[in-house]
Amino acid sequence: MIIGLTGKNASGKGEVAAYLKQKGFYYYSLSDVLREELRERDEELTRKNLIRVGRELRKNHGEGYLAERILKRAQEDKNYVIDSFRHPSEIGVFRQHPAYRLLLVVADAEIRFQRIRDRGRESDPTTLAEFESLEEEEATSNKSSGQQLELSALEADATVANNGSKEDLGERIGEIISGWTKQLLRPSWDEYFMGIAKVAALRSNCIKRKVAAVIVRDKRIVSTGYNGTPRGTKNCFEGGCPRCNSLADSGTRLDECLCSHAEENAITQAAYHGVSVKDGSLYTTFAPCLMCTKMIINGGISEVVYNLDYPLNEASFDLLKQAGVDCRQYEVG
């Protein structure tokens, strides 16, 4: 889950972030990019400079630039809380992530002003009128590259009021997140196993094409394989296969190719370790060739799921159908 935070100055976004960090969320702020920029320029880290540099970066690199920089740092297996969403374009960048939710943190102006006074920074406004005037300027900029806090607030998936104690705030946040977690989707089994096959393909040592296959029984992986030269021989990318290294045209000189196919390796690896593939499902990043099709059938595999079609496999599809092996395509990016 990625929880974005937006809200006016001193509304308590930092308190929300601190609460979530205690619950195991990793923390980033879009302002991290601004602080890094100011350090590189050897400029003072003031609120005025942060706002100015933010406008510059949005103008020069696009309105969603800060969010793009931070999103690249997020990893799929972690939960994140990310502070300082101040522009709808920044929110739009994160909307591409299915587990992103935006939380608006609000508090009464008098309470927020008192929090400002309590922290005692020299550059902070000293009167409520000055505070509200500055806020109005920041909330809606006439320039597209400026802050747009009011428009950002309209994008929120939920709102939490922070006028009371930390305990009350934590309770309300917990209720909101509990509702969000029920909406999150896990990958389907097809997406899961095909995704693993695509990762396995990165291990291929063939210079012509990277292919991988995963054999599954009872939703458990029993074998994987990727294309490349046989065990104990020189890797294809090291010159091990003359046919591949001469960059032969696709579909030609296949009788000279020394690389084993992904499906072939997955099946033989199972046999090598004494594991049955009977009644299993084979997920492969490319539809199987005729040779691998015969091995699939004779191995007792009952289903083939492929990502991309292979240009020379009509005979394979016909043979799989004749043998009663289910075959279907499941495409992932």
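In what order do the five strands of the open sheet stand, and is the pairing parallel or antiparallel? I looked this up first. The model is a predicted one. The order is β2-β3-β1-β4-β5, and the pairing is parallel.

**Sheet edges.** I then checked the ends of the sheet. β2 (26-29) and β5 (158-161) stand at the edges. Each has a single partner strand, so one side of each has no neighbour in the sheet. From one strand to the next, the twist averages 25 degrees.

**β1 and β3.** I went to this pair next. β1 covers residues 2-6 and β3 covers residues 80-83. The two strands run parallel and are joined by three bridges. For the record, strands of a sheet pair through backbone hydrogen bonds.

**Helix α1 on the sheet.** Which strands does α1 lie across? I found β1, β2, β3 and β4 (100-106). The helix spans residues 13-22 and runs at about 160 degrees to β1.

**α1 against α9.** Two packed helices are described by the angle and the distance between their axes. I looked up both values for α1 and α9 (residues 166-181). The axes come within 10 Å and cross at roughly 65 degrees. Angles of 65 to 115 degrees count as roughly perpendicular, and α1 and α9 are therefore roughly perpendicular to each other. The crossing of α1 past α9 is right-handed.

I listed the residues that meet. From α1 they are E15, V16, Y19 and L20. From α9 they are K166, L169, G170, I173, G174 and I177. I sorted this contact by class: six residues are nonpolar, two are polar and two are charged.

**Positive phi.** Most residues other than glycine have a negative phi. I looked for exceptions and noted A10 and D279.

A10 is not a glycine, yet its phi is positive at about 70 degrees. I placed A10 in the loop between β1 and α1. Is A10 buried or exposed? Its relative accessibility is 17%. Buried means under 20%, so A10 counts as buried.

D279 is not a glycine either, and its phi is positive at about 65 degrees. D279 sits in the loop between α12 (262-272) and β8 (281-286). Its relative accessible area is 52%. The cut-off for exposed is over 50%, so D279 is exposed.

Terms used: Residues are numbered from 1 along each chain as its sequence is written. This is a predicted model: local features need pLDDT of at least 70, side-chain atom pairs count only at pLDDT 80 or more; totals for chains, interfaces and linings use all residues. Side-chain values use heavy atoms; hydrogens and water are left out. Two strands pair if DSSP finds at least two bridges between them. Helices (H or I, at least four residues) and strands (E, at least two) are DSSP runs, numbered from the N terminus. Axes are lines fitted to C-alpha atoms, for helices over the stretch in contact, and angles run from 0 to 180 degrees between N-to-C directions. Contact means heavy atoms within 4.5 Å. Angles under 35 degrees count as roughly parallel, over 145 as roughly antiparallel, 65 to 115 as roughly perpendicular and the rest as oblique. A crossing is left-handed if the near helix is turned anticlockwise from the far one by less than a right angle, and right-handed if clockwise. Ala, Val, Leu, Ile, Met, Phe, Trp, Tyr, Cys and Pro count as nonpolar, Asp, Glu, Lys and Arg as charged, and the others, Gly among them, as polar. Buried means under 20% relative accessible area, exposed over 50%, partly exposed in between (1.4 Å probe, protein chains only).
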